[in-house]
Amino acid sequence: MTRFIGKLSAAGLLAVTLFVGAARAGDEGKCTIATKPDTETGRACAKGGRAEAKKEMKLMVKKAKANGQKFTCDGCHKDLDTYALTKNAQDDYKKLVAAQTK
Ligand code: HEC
């Protein structure tokens, strides 16, 4: 029984930490573009909102770079306030995903 309670509060603490992390995000709150969890970014959004998505996108760009492909945030996003996508963003995203392997 005690062990069960221990596990339970650990899970609760984790949930609180995640929640606080998301709420404190500089890039306030929820994603408005990557709203479906069928991309890496969408999954990150579901997990921790824009802050997490930003982290994930940075990581993806970094990995692609390590694989010899250069991407920049503003190549796909018109600005980094709304993260509005450029015309080529969806197509380039596929290339970015493809550049993750290795
Ligand atoms: C190759 C194109 C591409 C690059 C480069 C790129 N992004 Fe993205 N980004 C996208 C696409 C496409 C989406 C939407 C994904 C979806 O719909 O699941 C997105 C979504 C996001 C979101 C979620 C926005 C929301 O409100 O839903 C954030 C935050 C973000 N990108 C930040 C960044 C940052 C920071 C960088 C630079 C490190 C970056 N992105 C580089 C294509 C790109």
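Colleague: Which residues are buried in helix 2?

Modeller: In helix 2 the buried ones are T41, A44, C45, G49, R50, A51, E52, A53, K54, E56, M57 and A64. Buried means that 20 or more other C-beta atoms lie within 10 Å of the residue's own; 12 or fewer is exposed, in between is partly exposed, and C-beta atoms are placed from the backbone. Bear in mind that this is a predicted model: local features need pLDDT of at least 70, side-chain atom pairs count only at pLDDT 80 or more, and totals for chains, interfaces and linings use all residues. Residues are numbered from 1 along each chain as its sequence is written.

Colleague: OK, and how many helices and strands are there in the protein?

Modeller: Four helices and zero strands, so the pattern along the sequence reads α-α-α-α. Helices are DSSP runs of H or I with at least four residues, strands are E runs of at least two, and both are numbered from the N terminus.

Colleague: Where does helix 2 bend?

Modeller: At G48, by about 135 degrees. That bend is the angle between axes fitted to the seven residues ending there and the seven starting there.

Colleague: What does helix 2 span between its end C-alpha atoms?

Modeller: Only 18 Å, while a straight helix of 27 residues would span 39 Å at 1.5 Å a residue. The expected span is 1.5 Å times one less than the number of residues. After helix 2 comes G68, with a positive phi near 85 degrees.

Colleague: New topic: which residues are closest to the ligand?

Modeller: C31, I33, M57, C73 and C76, out of 27 residues that surround it. A residue is near a molecule if its C-beta atom, placed from the backbone, lies within 6 Å of it. Helix 2 (40-66), helix 3 (73-76) and helix 4 (89-98) are the elements that give two or more residues to that shell. Helix 2 gives the most, with nine.

Colleague: How does the shell divide by residue type?

Modeller: Into 15 nonpolar, eight polar and four charged. Nonpolar here is Ala, Val, Leu, Ile, Met, Phe, Trp, Tyr, Cys and Pro; charged is Asp, Glu, Lys and Arg; the others, Gly among them, are polar.

Colleague: Which residues make up the largest nonpolar core?

Modeller: Six of them: C31, A34, A44, C45, A53 and M57. A nonpolar core is a set of buried Ala, Val, Leu, Ile, Met, Phe, Trp, Tyr and Cys residues joined through C-beta atoms within 7 Å. Setting aside residues up to four places away in sequence, A34 touches T39, T41, G42, C45 and A53. Contact means that two C-beta atoms, placed from the backbone, lie within 7 Å.

Colleague: And where is F71?

Modeller: In the loop between helix 2 and helix 3. F71 counts as partly exposed because 18 C-beta neighbours are inside 10 Å. Beyond four places in sequence, F71 contacts V61, A64 and L96.

Colleague: What does M60 touch?

Modeller: E40, L96 and Q100, leaving out residues up to four places away in sequence. M60 sits in helix 2, and M60 and F71 are 9.2 Å apart, C-alpha to C-alpha.

Colleague: Last one: is Y83 buried or exposed?

Modeller: Y83 is buried, because 21 other C-beta atoms lie within 10 Å. Y83 is in the loop between helix 3 and helix 4, and its phi is positive, near 60 degrees, in a residue other than glycine.
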